[in-house]
Amino acid sequence: MAHSVTANPPNRVRLGWSNRILARPEVGAFVAAVVIGIFFMVMAPSFRSADSFFTVLYQSSVIGIVAVGVGLLMIGGEFDLSAGVIVYSAGLFNSMFCWYLGVNLWVGAALSLVFCLMIGALNGYLVMRTGIPSFLITLGTFFVLQGANLGLTKQITGSVSSTDISRIDGYDSLGVVFASSFKIGSVTVWITVIYWLLLIALAAWILQRTRSGNWIFAVGGAPDSARAVGVPLVRTKILLFMTVSFLGWFVGMHQLYRFNTLQAGGGVGNEFLYIIAAVVGGTLLTGGFGSAIGVAIGAFIFGMTSLGIVYAGWDPNWFRAFLGVMLLLAVLVNLYVKRLSTTRKVG
Amino acid sequence: MTDTLAEHADRELHRGEPLIEMEAVGKSYGAIRALKDINLRVNAGEVTCVLGDNGAGKSTLIKIMSGLHPHNEGILRVDGTELRFGSPREALDHGIATVYQDLAVVPLLEVWRNFFLGSELTAGRYPLAGLRVGQMREIADAELRKMGIEVKDINQPIGTLSGGQRQCVAIARAVYFGARVLILDEPTAALGVKQSGVVLKYVAAARDAGLGVVFITHNPHHAYLVGDHFVILKLGRAVLDRTRAEVGLDQLTTQMAGGDELAELSHELGRKEA
């Protein structure tokens, strides 16, 4: 707890580096990631290669892209339980619309984007308009989308998966944008990893260095105070919901153009993975505190664990139990960090 | 400390000119009538004191002026134009800044971020406009120093400050951003004697810089130190509306303490002097 006093301006105290680092939201997650990484490197020899590192990154990015949005939304004080299913709604919408009407896939992708943004806006509008907790509103959207995914897919294609769209115009170009990969040496790098890293940098910059970021923290930490000093509360929150549904659409496009067909029942349960990534990364469940880098580390822990268990040759069924333990530990660390950062250290 | 006020005060202000006028303004929340038939003028270069007991309608009155809740009866004019605020942002855009008793700050945000919340300084054009972090830190620190608050670390979450210090940050912020009208909701309630003195000096300084000040308080002594015009609310109605020349501290204190009710109470309690 060493405090160093700078000479100018007088009486200004800067906290020692140890305290400043401890007050960051992502510290707990970072320590956990290092421990888990070392653990699997010891337990599973095949985990140590560069190839498997990039496989972990790919796995992390597919969860991590939406998790960044969910993290921002949770810092803004809201939940989105429909974030897992909307990924598949986006893909199914695009696939079946274009297959049924025989139009270019780019048209379907654009309409699917509009559809997802409308779902996000609707979630946000209902939450802000009615004052009902977002947990309930998006639970409703979650069930509606889940049912519609299955019902409409069955109706249109006659089965529970979407049809082959690889011969419809636009499939290849969309594949290049959303689901391509390239080689560095012997290592395969999926493009989602690049998008994910760019997105983390963008979200971190927005949160720390822009007016919108200030507003996101404020509407999550103390919504009424934020509104009273002129922060557009309703607009900020609705845009956060739309960000989540936009990122859901993005990953939906990746799934569709990587695998060509989608299972109509997919995505259920992923909403909790996003929330776990955000919470493990130091986001407060009550809003107002968190970081984009923390959420990224949370998603990376998910990626390491899901593959590490396989590489170590264990029964993958244990994966969820492990995630549950991680979540509990993260909540405890968060509680401790929050207490640390709101107690007086100086002055 | 008056230099901030003078620097930021609107140059177009003329002493005595009405900034906010209310005519028969009322407000109901569903079936509950919080405010009825209020006539109030906030003039440039004057301090209007609003006094009243808990539940008298003081908070509702300032929420109408600051844009938190729109009124639903009567007329509100700002600079002579009739309008109805849809959000606090609109009131701020008219140069009306408010310090709320209960809605002051966002606890987990740093002191400087709280200071500039809703009015951040940015550089560059919108989507790429970054915050001018260094400049905002310096201004926040300097403005707090002028109020006599030494925040040792401007980067600490504001939740780590004491209640009085938090209130002072909120006041410093309103003084810095409020160019025309400054509304203070019981600013001295959470403060000690010395800090209350600082706040009262600010109220006087704002008046001298030509701003219209609305000062809401329980305390007639504080009100009488700075006020030019006094309004006492009771159960949502104005029961007294006088200028400084027409009312003395004694009368103000008696009215505030309940006036007639107090006499009646003393009769009921009936301690007869033997």
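Residues are numbered from 1 along each chain as its sequence is written, while chains are lettered from A and ligands numbered from 1 in the order in which they are written. Because the model is predicted, local features need pLDDT of at least 70 and side-chain atom pairs count only at pLDDT 80 or more, whereas totals for chains, interfaces and linings use all residues.

Let's begin with chain B as a whole. Chain B holds ten helices and twelve strands; helices (H or I, at least four residues) and strands (E, at least two) are DSSP runs, numbered from the N terminus. Its radius of gyration is 20 Å, close to the 19 Å that the globule rule gives for 274 residues, so chain B is as compact as a globular protein of that length. That radius is taken over C-alpha atoms, and the globule rule is 2.2 Å times the number of residues to the power 0.38. Of the 274 residues in chain B, 49% count as buried. A residue is buried if 20 or more other C-beta atoms lie within 10 Å of its own, exposed if 12 or fewer, and partly exposed in between, with C-beta atoms placed from the backbone.

Now look at two strands of chain B. Strand β1 (residues 18–29) pairs with strand β2 (residues 32–43) in the antiparallel sense over eight bridges; strands pair if DSSP finds at least two bridges between them. B:Ile20 stands opposite B:Val42 in β2(B). This hairpin has two residues between the strands, and B:Gly30 takes a positive phi near 60 degrees there.

Most residues other than glycine have a negative phi. B:Leu235 is not a glycine, yet its phi is positive, about 45 degrees. You will find B:Leu235 in the loop between β11 (229–234) and β12 (237–243) of chain B. B:Leu235 counts as partly exposed because it has 14 C-beta neighbours inside 10 Å.

Finally, turn to helix α2 (residues 27–43) of chain A, whose 17 residues reach 24 Å from first C-alpha to last, close to the 24 Å expected at 1.5 Å a residue. The expected span is 1.5 Å times one less than the number of residues. The buried residues of α2(A) are A:Gly28, A:Ala29 and A:Phe40. They cover an arc of only 85 degrees around the axis, which puts them on the same side of α2(A); the arc is that of the directions from the helix axis to the C-beta atoms. On the other side, exposed residues include A:Val31, A:Ile38 and A:Val42.
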